[in-house]
Amino acid sequence: MNPDSTPPTKATDIRLSVVVITRNEAHNLPRLLDSVAGLADEVIVFDSGSTDGTVDIAERAGAQVTTCEWTGWSDTKNRANAAASGQWILSLDADEALTTASAASIRAFIEKPTHTDSGALRVGEINRLTRYVDHWVHHSGWHPDRKVRLWPAGTGSWTGDIHERMSFEGPSKVTRIDGVVEHHSYPTVASHLHQIERFGEVWARSQFELGRHSLVAVACAKVVAQWIKTAFLKGGFRDGPTGWAIARRSAWATWRKHARLRALHRPVAAPQRVLIARTDALGDLVCTLPLVRAVKEAHPNAVVDLLVRPYAAPIGRCAIGVRDVLEWTAPCAEEPRGAGKALLEPGQYDAVVLAFPDPAVVRAACAARIPVRIGTGRRRHTVLRLTHRNWDSRKHSGGHEAWHGLRLLMPLGVGVPDLRPTGQFLEPPAPSDRVQDWLDRLGSNFILLHPGSHGGAGNASPEAFAQWALALAESGLQVGFTGTSAEGDAFAPNLPEHPSIHGLFGALDLRELMALQAQAKLVIASSTGPLHTAAALGTPVLGLYHSAAPAWPQRWAPIGPEAHVLVTSEFTEAGCLKLSPESVLQAAKEAMATSH
């Protein structure tokens, strides 16, 4: 379709209408539109509330865009089909694209009459080839994947909640169209996990409305059967590591949808008092804060408290939506009558979400007789003590830590949103006198570098941080190094002598650090607590990551409205992240340029 051409009208001889439904498909839609250019006489886009520029992309390409309410795949597609003016309808998903060969075959197909000599509708079926992360899938039950995509307008309709199918009025003759439709639905593992959740929710709801149940034993048998079918019967092993990954996640999808159906048959009363327990590191706590927002959105009248370690309490007290913060001190874990049993009193909470399954916290929750206890079932100390168990494996899943945390909320009737939540989760604390003193010295144009990481994730070398600081200072920025006194002692030999570079090691406590971060133009760090606090405050951040699990960005990227990451697949000989100075400085420049 020529973006500069005059959009066709009903008076125009429109042979082919390409119809697509969209919602936040800016990353896919240009590829689709390019693939039908020169073939489609009109492109009909029905958009259900995109916020990522999808509508602008479609309109610039000359498509006819209608904004609509989402009413399910079949109904939304049928409404889009009804708006088409062409003799033929080519229905494509936003993550699909024609090849040159398939476009030529479609052109030849529609040049013939809409009916066969015997009066049957001529319907076109085309094979779909799916790309999973970086590999085309030729087996695994995903190929061949023949889909009806082309038919005479006004002769059929979509049916079904998911994996919808076309049904036609009267007899039809389905003809195979040469070529393939490229399917780019899974650019990342996380995108597959997101689809599993989305489709599983629709399936479970439809089965529940039909009055159907799911027995654990039956679900387990279906999980095993799905894995065997995908890996062996459908030839998944022939796709190599990609095939094994698809088999594993297809089996997981089976388990997950049955778990959702069982949860619908075990409804939990709307909670009024919820405790979210996260008693490990700072960054882990920040990645748990989206649970607070999700609970409050689903249950506006509920109060949400946090249970955290004392060193993380300043984060909890700045968390948006939190009523109170309980501090889990060392005496709380003492047995047999630790202070934790006094901290959590019977009747204090309706539900506890154990985002980190600390054994002592689990025992205290049981002792407090909290009626709904939610957490992972993958620990010996949780299997018998929890009322609702989650069986996720997180380390290599490809899902974000916040996303996995949100999945714990299913028993509370809370859906799982996007794979990596965005938005501001912390309110900036008021600057203390010490913070104000540093703000006066740094001015309004400063960047913070945090070179420590406590060894929890890959990090760049001190020499690299020093080099970046010098380059940033020479560009006219003030640069502050933050961290503990011990981190300052270790970094001291590398601290550059420059009037625009300042060492703040040990100068601020956590609350003061967050107050300073809230005013920074950018914070650069590896995947460590201060990177996550800055992102959750809404400050632009640049996180430095290695591409391999478990400390990879797929799970540990910062969450916030201005979160950016720079990823490398290499380590230096010293075991540090290998990042060129040019790449870091360019990424820092882009992060600051795109910030609001």
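This is a conversation about how several features of a predicted model are identified.

Visitor: How do you know that the predictor is confident in the protein chain?

Guide: On a confidence scale that runs from 0 to 100, the protein chain averages a pLDDT of 92, and 96% of the residues score at least 70.

Visitor: What makes residues 1–12 a stretch to treat with care?

Guide: Over residues 1–12 the pLDDT stays under 50, although the model has 19 contacts there beyond four places in sequence. Where pLDDT is low, the predicted coordinates should not be read in detail.

Visitor: How do you know that helix H13 and helix H16 meet, and which residues make the contact?

Guide: The axes of H13 (residues 433–442) and H16 (residues 510–517) come within 10 Å and cross at roughly 30°, and the crossing is right-handed. From H13 the contact is made by Arg434, Val435, Trp438, Leu439 and Leu442, and from H16 by Glu512, Ala515 and Leu516.

Visitor: Why are two residues of the contact of H13 with H16 called charged?

Guide: Because Arg and Glu both count as charged, Arg434 of H13 and Glu512 of H16 fall into that class, and the contact divides into six nonpolar, no polar and two charged residues.

Visitor: Why is the second largest pocket called a pocket and not a cavity?

Guide: The name follows from the definition, because a cavity is a set of points from which the 1.4 Å probe cannot get out, whereas a pocket is an open set. The second largest pocket has a volume of about 960 Å³. Of its 47 lining residues, Ala281, Leu282, Gly283, Asp284 and Trp556 are the closest to its centre, and the lining as a whole divides into 17 nonpolar, 18 polar and twelve charged. Among the elements that each supply at least two residues of this lining are helix H8 (282–298), strand S16 (372–376) and H16.

Definitions and conventions:
Residues numbered from 1 in each chain as written. Predicted model: local features only at pLDDT ≥ 70, side-chain atom pairs only at ≥ 80, totals over all residues. Heavy atoms only, no water. Contact = heavy atoms within 4.5 Å. Axes fitted to C-alpha atoms, helices over the stretch in contact; angles between N-to-C directions. Helix = DSSP H or I, 4+ residues; strand = E, 2+ residues; numbered from the N terminus. Left-handed = near helix turned anticlockwise from the far one by under 90°. 1 Å grid on protein atoms, 1.4 Å probe; cavity = no way out; pocket = protein on both sides within 12 Å on 5 of 7 lines; lining within 4 Å. Points joined across faces, edges and corners; volume = space filled by probe spheres on them.
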